[in-house]
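The plan is to go through the two chains piece by piece and jot down what I look up.

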Amino acid sequence: MKRISGRIRLALFLRSFAVQGSWNYQTLIGTGFAYVLIPVLRVLYDGDREAMRSALRRHVEVFNSHPYLATLAVGAVARLECEGAQEALIRRFKNALRGSLGSLGDQLVWAAWRPMSALLAIVVLLFGAPWWAGLIVFLVVYNALHLGLRSWGLQTGLREGIDIGNALRSPAISRWAHWASNTGALLAGLASVLAVSVFATGPTESGITALGILAGVALGYRVRSGIWVLLALVWIGGIVARMVV
Amino acid sequence: MPVALLRVDERLIHGQVVVGWGGHIHPDQIVVVDDALAESPWEQELYVLGLPPGLEADFVSVEDARAQFERWRDDPRRYIVLLRDVGSLRKLAECGTLRGAEVNLGGVHHAAGRRHVLPYVFLSEGEWRELEEVADSGAEVSARDVPGAPRVPLGDMKKP
């Protein structure tokens, strides 16, 4: 089996940012996938133009995945290619994987991590931080997971190859999604209390606001739906504001 | 209606089905009808990775599905039945299995020989004829990718 050097790994990682660059209804991210894989194919089919062409043609076929988790597929397919796996096997592998990578990524990133990062930035702003601080908080927190996923996916795919299911079945991903959506609910509560607390000026009002924040923290962890927390806390906040006025 | 969704979608179990349709109809069970997959445990393992906790998927051959379809319809549990291609659908529809059933075309993507019908439906002439056969057997065939999108009946589609 051919080794995949550190330089090629880096090339795959960097190219993975362009995986959606030619998104289209015919192949979805298929052409992007082939583009990311090119450094590996170049090693395997060095000098054989015909073989290279046919490998590329195979990989521009329809493929889909969450963009960050696409590196898992790239890594695993790179390993399969290096092991000399049959075309039909690789095709079946890609087909079986694409739905799962899409749905896992949707649950973890779009439905949990992104809203949580945005809420965290809003809370930071409500605490009176300047606008650029909120921006930085969002970008740093969001991209910590984003870049982490891309890099973990590539390493895991290259290591596991066709056994990638073992890595994905680990409960870590769903635990992260669960944790992120709980934290998001908590932050939604905190944000709404902070939003109304600007009305609280005296010591009593501040005390009530502090209670509201505590309630937000407690409810956030208990109630999974951020909307209920939000409603409850806007209500408490409304009382606080009325007492002040 | 125990077969809450009978869908042709190459991607089988994926975000649109699990999150989009799943959130809409709250299925108790997903059944994937495909001859090759029914005999391939390693592929099944990859397909079920994207399922949310608590939801399970069964993989059965077309013939088994035809034998069990009646039972799924009468079962109080809600089923999502997924097929990979129009060919399997036509085989399932043999003997009038799908009479009165609603068939949803969700994602049949571009491949050699297929032509654009809708942004998410590409069909070959052969597949179009097979769909007409399914419709003639008494099924109601239409396309819709996600629950909120408009439903496009087979009669309104442009023949490839």
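This is a predicted model: local features need pLDDT of at least 70, side-chain atom pairs count only at pLDDT 80 or more; totals for chains, interfaces and linings use all residues.

**Entry: helix H1 of chain B**

I stayed with H1(B), which covers residues 15-25. I checked which of its residues are buried and got Gly15(B), Gln16(B), Val17(B), Val18(B), Trp21(B) and Gly22(B). Val17(B) and Trp21(B) are four places apart, as are Val18(B) and Gly22(B). An α-helix has 3.6 residues a turn, so residues three or four places apart point the same way.

**Entry: where the chains meet**

How many residues are in contact across the two chains? I have 18 from chain B and 19 from chain A. On the chain B side, H1 and H3 (41-47) each supply at least two residues. H3(B) gives the most, with four residues. I also sorted the chain B side by type: 10 nonpolar, five polar and three charged.

**Entry: helix H5 of chain A**

H5(A) runs over residues 87-126, which makes 40 residues. From first C-alpha to last I get 55 Å, close to the 58 Å expected at 1.5 Å a residue.

**Entry: Arg15 of chain A**

While in chain A I looked up Arg15(A), which sits in helix H1 (residues 6-15) of that chain. Is Arg15(A) buried, exposed or partly exposed? I put it down as partly exposed, because 18 C-beta neighbours lie inside 10 Å and the cut-off for buried is 20 or more. Setting aside neighbours within four places in sequence, Arg15(A) is in contact with Tyr35(A) and Val36(A). I also looked at Thr71(A), 56 residues away along the chain: its C-alpha is 9.8 Å from that of Arg15(A).

**Entry: chain B overall**

Back to chain B, for which I noted six helices and nine strands. The C-alpha trace spans about 40 × 30 × 30 Å along its principal axes. The radius of gyration is 15 Å, and a compact globule of 160 residues would come out near 15 Å, so the two agree. Buried residues are 42% of the 160. Of the contacts between residues at least 6 apart in sequence, 74% join residues at least 24 apart.

**Entry: the sheet in chain B**

In what order do the seven strands of the open sheet lie? I wrote down E3-E2-E4-E1-E5-E8-E9 (chain B), with mixed pairing. E3 (57-60) and E9 (152-153) are the edge strands, each pairing on one side only.

Then I went through some pairs. E1(B) and E4(B) are parallel, with five bridges, and Val8(B) stands opposite Leu83(B) in E4(B). E5(B) and E8(B) are also joined in the parallel sense, by four bridges; here Glu102(B) is opposite Glu140(B) in E8(B). E8(B) and E9(B) run antiparallel and share two bridges, with Val152(B) in E9(B) as the bridge partner of Ala143(B).

I took a second look at E8(B), residues 140-143. Val141(B) and Ala143(B) make up its covered face, while Glu140(B) and Ser142(B) are on the uncovered one. In a regular strand the side chains alternate between the two faces of the sheet.

**Entry: two positive phi values in loops**

Leu12(B) is not a glycine, yet its phi is positive at about 55°. I found Leu12(B) in the loop between E1 and H1 of chain B. It counts as buried because 28 other C-beta atoms lie within 10 Å.

Cys95(B), again not a glycine, has a positive phi near 65°. Its place is the loop between H5 (86-93) and E5 of chain B. Is Cys95(B) buried or exposed? Exposed, because I count 9 other C-beta atoms within 10 Å.

Notes
Residues are numbered from 1 along each chain as its sequence is written. Chains are lettered from A and ligands numbered from 1 in the order in which they are written. The expected span of a helix is 1.5 Å times one less than its number of residues. A residue is buried if 20 or more other C-beta atoms lie within 10 Å of its own, exposed if 12 or fewer, and partly exposed in between; C-beta atoms are placed from the backbone. Two residues are in contact if their C-beta atoms, placed from the backbone, lie within 7 Å. Ala, Val, Leu, Ile, Met, Phe, Trp, Tyr, Cys and Pro count as nonpolar, Asp, Glu, Lys and Arg as charged, and the others, Gly among them, as polar. The radius of gyration is taken over C-alpha atoms; the globule rule is 2.2 Å times the number of residues to the power 0.38. Two strands pair if DSSP finds at least two bridges between them.
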